[in-house]
Amino acid sequence: MTADRGDDPHVRHLLGAYVLDALEAEECGPVAGHLQQCEACAAAYVEVADAVSLLALLNVDDLLE
Ligand SMILES: [Zn+2]
């Protein structure tokens with residue numbers, strides 16, 4: 001199997017934006033649906049969400065200064 005990006009049914013590349021709530025509404029639905037069916041992407045989602053929640057512990061104002 002080749003990993004052809006244009007043909008990839010998985011949503012890993014969208015998870016960062018999904019976690020940050022940066023996806024368009026029409027992209028969110030398919031991502032959420034895929035996460036419910038795909039164990040691999042669901043696991044990747046947990047990892048991304050964890051990383052984001054760690055970042056959220058940082059003070060945004062500190063990062064901007
Ligand atoms: Zn998947």
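The UniProt entry, which is unreviewed, lists residues 11-42 as "domain: Putative zinc-finger", and the structure discussed here is a predicted model. The chain holds 4 helices and 0 strands, and it has 65 residues, of which 5% are buried.

**Overall fold**

- Read along the sequence, the elements of the chain follow one another in the pattern α-α-α-α.
- Buried residues account for 5% of the chain, a figure to keep in mind when looking at the individual residues described below.

**How helices α1 and α3 meet**

- Helix α1 covers residues 12-19 and helix α3 covers residues 39-56, and the axes of these two helices come within 9 Å of each other, crossing at roughly 40°.
- An angle under 35 degrees would count as roughly parallel and one of 65 to 115 as roughly perpendicular, so α1 and α3 are described as oblique to each other.
- The crossing of α1 and α3 is right-handed.
- On the α1 side the contact is made by Arg 12, Leu 15, Gly 16 and Val 19, which meet Cys 41, Ala 44, Tyr 45, Val 48, Ala 49 and Val 52 on the α3 side.

**Val 48, a residue of the contact**

- Val 48 lies in helix α3, and, leaving aside its neighbours within four places in sequence, Val 48 is in contact with Leu 15, Gly 16 and Val 19.
- Although Val 48 and Leu 15 are 33 residues apart in sequence, their C-alpha atoms are 7.0 Å apart in space.
- Is Val 48 buried, exposed or partly exposed? Val 48 has 17 other C-beta atoms within 10 Å and is therefore partly exposed, because a buried residue needs 20 or more and an exposed one has 12 or fewer.

**Asp 21, a residue of the loop**

- Asp 21 is found in the loop between α1 and α2, the latter helix covering residues 25-37.
- The phi angle of Asp 21 is near 65°, which is a positive value in a residue other than glycine.
- Asp 21 is exposed, because 7 other C-beta atoms lie within 10 Å, and a residue with 12 or fewer counts as exposed.

Key: Residues numbered from 1 in each chain as written. Predicted model: local features only at pLDDT ≥ 70, side-chain atom pairs only at ≥ 80, totals over all residues. UniProt positions renumbered as here; feature names shortened; annotations may be inferred. Axes fitted to C-alpha atoms, helices over the stretch in contact; angles between N-to-C directions. Parallel < 35°, antiparallel > 145°, perpendicular 65-115°, else oblique. Left-handed = near helix turned anticlockwise from the far one by under 90°. Contact = placed C-beta atoms within 7 Å.
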